[in-house]
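Hi,

Here is the structure for your files. My notes follow below it.

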Amino acid sequence: MAQLPFIAAIDAGIHQEMKRDSSVLYFGQNLATTENHDFVKAYGHDRVRVTPISETAEIGMAVGAAMAGLRPVVELYMAEFMLVAMDQVVNEAPRFRYMSGGQVKVPLVLKAGFGFACGWAGQHTGSLTALFMGVPGLKVVVPSTAADAKGLMATSIRDDNPVVFLHHYLLTLEHGEVPDGEHLVPFGQATVRRTGTDVTIVSTGWMVNRALAAAELLAAEGIQAEVIDPRTVAPLDLDTILKSVAKTGRLVVVDQAPRHATVGGIIAADVVEHGFESLKAPILQVNARDATVPYSEPLEAYVIPDEARICAAVRKVCKTAR
Amino acid sequence: MSVPSADQQIEMLTQMLRIREFEERVKRTFTDYPGVIRGHTHLADGAEASIVGSLSHFKKGDAALATYRCHGYPIVLGSDTRAMMAEILGRADGLCKGLGGSMHLTDVKNGFLGTSGIVGAGIPHAAGAAWAAQIRKKGEVVFCFFGDGASKQGAFAETLNIASLWKLPVIFVMENNGYNVVTTSAQEDANAAAGQPLAIKATSFAMPGVTVDGTDPLAVAATVGEAVALARQGGGPTLVESKVYRLSAHGNIIAPPGVPLHYPEHEAIAVFGKREEYEAALRGDPVPRFRGMLVQNGTLTAAAADAITRKVADEMEAAVKFAVASPFPALESALDNVYA
């Protein structure tokens, strides 16, 4: 085990796979511009390249390279930059296996940071996870710890499908224990980050940290919250969530996206459909307020869900009995 | 480039006849078997010489990618025309198990890697496949087919820039048929409006750009042959503007269920009233023209050409019969192949 920052753990995952599999490519803007670049030194320019600011071509070429037998990892930096090339993400990469009747595989990873709510204003702070999770053919990964960042990146590269790998930018320098050597985290397995008996909180990315902090505050009031991180939202491990709700009878979903564009809302609908009899109270959602993320610090903090709002929602569901 | 041998020229004529007959059969299903084709089909009639001339340089290990107007290429590459027709009818024996249809024909074992229905979107896919070929270092190339309309997409500019910068082994074959659905090139393209060939766009990306008569298979073979040779040697991509005339309308009519589908009159007549332009294109139809040339110069006899035509007609008749008789896929198969 080594203590690594989240961002270094992602790199460790890419290195792990590039070392073992010469078909893995890594490319994007503003990387590999000198011979001193770690990945260039290790794997050479055949496999590691800098691109122009051309997201459609970058992602589109990843699709073609993947169909031709390679495993591209595209460094996109910010999830918003995928919006420039949304056709390739949503309507090209995930369609070709299906439309060809299974003749081709499209194994690629779109690595993008998101949710950078620290003064980046309206166009670099979005939480776009839910935009991708409903697209058949796409897998969507949202790590919240350094260990998961490494293991999920490695699994993303080995997966034979297009994977959107969304890492929360506010976790970039969070340190965590990361297993040395080969480390893989399976898709579709949620993790219980804190056990509790009174209420289930489901959240992803940086919001997991806020949920855990809220759980500590609530524990002081005698409320034991169970915090679940799905880790991958496509595929989604609904079973772990339903089991927790069966135990606690209460669910609060926390999501950094605005109310009608959340993963949490989709989880809430699934729990209502499949776990209604367990629920002792209505499910509550804690989301960003319905606004573009503002620049000014207090306004930004007002829009993004915080511990106080999570605690308030938990207290409310815990007061409700059915 | 060496001129194709007599046998190669006869093979080229055969392939042109096969594409044309296949497309004619697709069209005829709208009257012979109303309702068996749903959605949108797009025909390659008029572009046969361009397709066949280009792919005359295709070697095993190469790849080709195209657009929704994709029936012609796999025919030349060796796909089973029965499976192709079954795919267009959405049947279990279809090339893509009925999951793709007319716009998404794919045949990986014959090098036909994929087709995007979104204009321009397949251009970077071809460049990505060319990157894979560049890494393999076996002299393989990728043929990227698209229309003139696609050259107004960002994907075109972004990809040509990277392909040239990285010297990718890809040949960009732009089939310029003069119309983006019902918009003429001069209405949407600054180069066309200025009287320039669209191949001039290549100069922006520091790659060779050349315009060729896409109705002449030997001219296309010569031009594309130079581009292929350059790409195989590591010299990078070429933009080939192949000037063709689409002899059918853009596609069959777009209509909700219950309205019988058919091919309307060509836009040149229906929209612009240019009957003479269309009739001139018909008089220059590349398929009978090439046949006439080969018969006239003694490459083959009229009787031999007729025999090929009959054989092709039999093949495509069998393809339609096979497709119509093929069952629909099992319902559960709709959930197969979502993920690998």
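Two strands pair if DSSP finds at least two bridges between them. Strands (E, at least two residues) and helices (H or I, at least four) are DSSP runs, numbered from the N terminus. With that in hand: B:Thr211 stands opposite B:Glu241, which lies in strand 8 of chain B.

This is a predicted model, so to say: local features need pLDDT of at least 70, side-chain atom pairs count only at pLDDT 80 or more, and totals for chains, interfaces and linings use all residues. Residues are numbered from 1 along each chain as its sequence is written, while chains are lettered from A and ligands numbered from 1 in the order in which they are written.

Confidence: the predictor gives the complex an ipTM of 0.96 and a pTM of 0.97. Chain B has a mean pLDDT (the predictor's confidence in each residue, from 0 to 100) of 97, and 100% of its residues reach 70 or more.

The sheet: strand 7 and strand 8 (residues 238-243) of chain B run parallel, paired over five bridges. They belong to an open sheet of six strands in chain B, ordered 2-1-3-4-8-7, with parallel pairing. Strand 2 (112-116) and strand 7 (209-213) of chain B are the edges, each pairing on one side only.

The helix: helix 8 of chain A covers residues 146-158. Of its 13 residues, 11 are buried (20 or more other C-beta atoms within 10 Å of a residue's own, with C-beta atoms placed from the backbone). Among them are A:Asp148, A:Lys150 and A:Ile157.

Best wishes

Technical notes:
Expected span 1.5 Å × (residues − 1). Buried ≥ 20, exposed ≤ 12 C-beta atoms within 10 Å, placed from the backbone.
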